[in-house]
Amino acid sequence: MTGEMAKNSEQWINNSAESMKKWDEQFRSYSFETIPDAFIMTNKEGKIVIWNKAAETLFEMSKTKVQGQFLWDIIAKFLAPNFQKFNPLKSQIKQALEGAESSFFNKIVETKLFFPDGRIKEIRILNFLLYETDGKHYL
């Protein structure tokens, strides 16, 4: 193989890998949009990267408003007033994303969302970590 052919092959491989990565991200995003339950996913820092239509309906907040924000900052707005100052979610989520054990995950939790207008929604939450092939944690 000549140097030019090797260079072209390497470029083709890099372009193909980038295309596959973009396709995978689009597929995952579409897949999560179609499930009927609220689905929220963060990156390894805890910032929201996926907020599906059901999450928009449940929390009455658009995807564009929450994407890139820390999950615990958004959820804190809906905690009971006595928990808003002491937000246990932040420390538990951060610990889990760093690889520590947390009682916050892999179980169904029944809780309530408190809205500013006085409405309360009772919900069930199942939190779990997803792992990439490189072992990074995502919520």
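Modeller: A charge sits over a ring if NZ of Lys or CZ of Arg is within 6 Å of the ring centre and within 35 degrees of the ring normal. Here Arg119 lies over the face of Phe115, at 4.6 Å from the ring centre. This is a predicted model, in which local features need pLDDT of at least 70, side-chain atom pairs count only at pLDDT 80 or more, and totals for chains, interfaces and linings use all residues. Residues are numbered from 1 along each chain as its sequence is written, and side-chain values use heavy atoms, with hydrogens and water left out.

Biologist: How many aromatic pairs are there?

Modeller: Rings of Phe, Tyr and Trp (its six-membered ring) pair if their centres lie within 6.5 Å; planes under 30 degrees apart count as stacked, over 60 as edge-to-face and the rest as tilted. The count by this rule is four. The planes of Trp51 and Phe59 meet at 45°, with the ring centres 5.2 Å apart, so this pair is tilted. Phe78 and Phe115 are edge-to-face, at 70° between the planes and 5.1 Å centre to centre.

Biologist: Where in the chain do Phe78 and Phe115 lie?

Modeller: Helices (H or I, at least four residues) and strands (E, at least two) are DSSP runs, numbered from the N terminus. Phe78 is in the loop between α4 (71-76) and α5 (81-84), and Phe115 is in the loop between β3 (108-114) and β4 (120-126); the two are 37 residues apart. Trp51, Phe59, Phe78 and Phe115 form one aromatic cluster.

Biologist: Is Trp51 buried or exposed?

Modeller: Buried means under 20% relative accessible area, exposed over 50%, partly exposed in between (1.4 Å probe, protein chains only). Trp51, at 0%, is therefore buried. Phe78 is buried at 5%, and Phe115 is buried at 7%.
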